[in-house]
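Here is a report on how one chain divides into parts and what those parts touch. It then turns to the contacts between chains.

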Amino acid sequence: MRTENGALEGVENLKTVHRSVRRVDGLALACGTAQFTDDVDIRGLLTGKILWSPHAHARIKKIDVSEARKIPGVRAVLTHRDVPRVPRTTAGQGYPEPSPYDSVVLDDKVRFVGDRVAAVAADSPEIADKALAAIRVDYEILPAVFDPLEAMRKGAPVIHDQPDSKHIADAQKNIACKFDFEVKQGEWFSGADAIIDKTYKTQYAQHCALEPHVTITYLDGNDRLIIRTSTQVPFHCRRIVAQSLKIPIKRVRVIKPRIGGGFGAKQEIVLEDICSALTLATRRPVKIELTRKETFISTRTRHPSVIRLKTGVKKDGAITDALMEVVVNSGAYGTHALTVMMCAGSHTLPMYKIGNIRFDGRSVYTNLPIGGAYRGYGATQGFFAWESQMDLMAEAIGMDPVEFRRKSYIRAGETSPVFKAMGEGREGVPQTIVSSGLFEALDKALEAGGWAEKRRAYARQTGVLRRGIGLACLMQGSGIAEIDMGAATLKLNEDGSFNLLIGATDIGTGADTVLSQIAAEVLGVKETDIIVTASDTDVTPFDVGAYASSTTYISGHAVKKTAEKIREQILKVASGILDEKVEDLRLEGGMVAAKSGAACKLAEVANTSLYYRDQHQIIASASHFSHTSPPPFAAHVAEVEVDTETGQVTVLRYVAAVDCGTAINPALAEGQTEGAVLNGISFAMTEEMKFAPGGRTLNGTFRKYKLFNTLDTPPIVTILVPTYEPSGPFGAKSVAEISINGAQAAIANAICNAAGVRLYDPPFTPEKVLAALKKRS
Amino acid sequence: MKPSNKGRKSAVAAIKVQDGWMTVETTVNGARQSWKIRPDDFLLDALRREGFKGAKKGCETGDCGSCAVLLDGKAVASCLLLAAQSQDREITTIEGLGTPSEPHPLQEAFVDTGGIQCGFCIPGMILSAKALLDRTPSPTEAEIRRALDGVLCRCTGYVKQVQAVKLAAERKK
């Protein structure tokens, strides 16, 4: 099945997998008929709104809602006195979550500008606004802290001083989480010919899914709570809402409609708990829909980081030592704080062959917006540091940066002690790299980027405009080993079509299509013969949800196992119909075909089993989890032009070569790559949340927080490098996150190549580039 | 994307107002509509309330383009227009182009190229492309990028969406 380099042989024999079939939901989305959370009309729907804290750090001394409650049309006003106080995390992670239990539905303390104070439900948005304005809050304003390094110092304001929180590493020092480890093979830095010690800083950024967070809740006839919501994690949502409101899980049903993008922001209970509380209080349907500004100020962000990287390198290119100190700013609450911080190391360090390794990680509370899951999940921050440092190390020993990288990267058959030392929030799982297209991806990206000739051509430039080319290589995981689990159910209908029920959560990635393709391949039908019902906690089996690049690899495997069980059942029935042995039968083109040439349609199999003989429903379920998380690999090449008079950097072209194993749907895998690349580029160039001295978000609109549009976007070249990962369905690994990790380093390296200045603090704005140019001259 | 009100004052002045409610006569996807609206209703809210859910609300400040519809053939941000400004005008929403059984060539092309991910921006994207192709049947890549520059997409790198518009233009020939 596999060639020497791991590429899949006989891919051409696959009928549905490894083909760029149309999205199964594509036409509905193109025609505007696909239903997103808010695309339903519900009679008697109330508008829910939240009162946000205007202060970065304050205690609510008194809150008077009597005037608000008197306003006609106001149906509920909730404060901390009206909801259960259950410390929990809003992070949608597997149970028990590795994030501290440091938040409650509504608290008597606020910890950032944009924290929840109260919530109202009213007959109209206008009345809800009036009610919010009528709530009188008497705050005791507390000193606030905005810098994570300051927050750890003695005497800094303690942000989480409440006694009932759980699992905070050191609340007195505002340390939400910490993780350290060391692998020592010799004396520190004794073998190094050169030592590079640099500090890299990444900025506050937001996901900016085009669909803002929105939740609709209502009670059904049996008084069960139905939550229709824009979520990546329906099953975690059900569990956390039940926990937060002290109601049984069996009373809660979460339905995920079409989702307008998530990128990690919706791997989080952002509105579901408070919207549910309003429905329980009013017994009415309630919708909370955030405005764009509310999304910016109150939801989740990419953890800003300060990463010190001290590395030793020998003249022959061996990396002798790496000390990685990571401080992430967790903002007001510690959602994903431990795991994002750890992934800055666990998703980067294993790619390099290193002698001594030490990782010191801290996630620190400040009075700024909350960090959370964001595509790349720490690896983005870590790779900016690492792949910048790789150029610096190569330069220090006078080695070509490509040659240096070839010597340093992990190869198939090799392992890293980091895999075992660092998992997600706990010890990891040892693993050996089985499939790797890293070096092939590197070759292809260099070739497509015109590396050799451009590197030469750009070596000696004069004049105002200077061009440069830069490189970064990357890895990620495919799901979380021994944590992530997905399950599927399939059943056969009379016409030979199938219902596929999956907990897996398509948030716009194309997962419904990819999973249909996997089922169709096993069952010998077209993907359009598979009807997908996904992510309804009453109807579909469990799945952890859409995160950690897990859906194709984990949920896809569950679908494959399920389809294989169904195939057995079909063949058994067909064996009776055709009077042939099961082992002589195969599924093909919607038929069961025998070696003898005899055949029957799947419809006949279905009708026989449902109506005629030994009547039963052909139906099966299967689950999958994995002992390994095989990394996808990628090589990115960025080409830039630097205006040395203005400091303006223009990205001219970007090449991304990706090894995602077998691409189940190459067009969708390319689309994931292109989208991740562009998000990475705009994160490197323009995106940064800015705050007033008191902690208020200054640029919470698309006018002031700049995403790249069609005119800003440079040509993006995507190259898929096929390998075969035996532990994945049809050889697949993940693709969703990896390509967001490259742009900051590739562009920083390209700017350095162009203009001879190195930047350590994205975004690479004209001011910063100009300042660096001035400092040099 | 900027709405134009040239020569429309008289039409708006003709709107009947009673007890704070206005009755607006407009045409959506070829069918005459009579809407009871509040004077401060935006076109996006009126459209969504009337069942045209394909127009999406992404920012309400005219910056993202998810709400784009065609007003007399021109792509506009419906979140910035007052509903009253649609008096006596022709609105095309995504529902007016085609259905999953009978899609418009642009809708088909966006699916064929893989230009759709979450799909939230796609109605605005396709309508902006339609406005372009209606006046420029064979656009250059630069013209396509300019026509789509008012619609933000966070899922894609715009690569396959630009390809989709090219493909639709080629197929029309």
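The segments are listed below.

| Domain of chain A | Residues |
|---|---|
| domain 1 | 12–34 + 485–625 |
| domain 2 | 46–142 + 207–298 |
| domain 3 | 144–206 + 303–431 |
| domain 4 | 434–478 + 629–777 |

This is a predicted model: local features need pLDDT of at least 70, side-chain atom pairs count only at pLDDT 80 or more, and totals for chains, interfaces and linings use all residues. Residues are numbered from 1 along each chain as its sequence is written, while chains are lettered from A and ligands numbered from 1 in the order in which they are written.

Take domains 3 and 4 of chain A. Their C-alpha centres are 20 Å apart. Contact (C-beta atoms, placed from the backbone, within 7 Å) links 33 residues of domain 3 of chain A to 35 of domain 4 of chain A. On the domain 3 side, β8 (194–202), α9 (379–396) and α10 (401–408) of chain A each supply at least two residues. These are DSSP runs, numbered from the N terminus: helices are H or I, at least four residues, and strands are E, at least two. α9(A) gives the most to that side, with seven residues.

Now the chain interface. Here 45 residues of chain A are in contact with 42 residues of chain B. On the chain A side, α1 (26–30) and α17 (666–685) each supply at least two residues. α17(A) gives the most, with eight.

Confidence comes last. The model scores ipTM 0.96 and pTM 0.97.

How values were computed. Domains from an automatic or database assignment. Contact = placed C-beta atoms within 7 Å.
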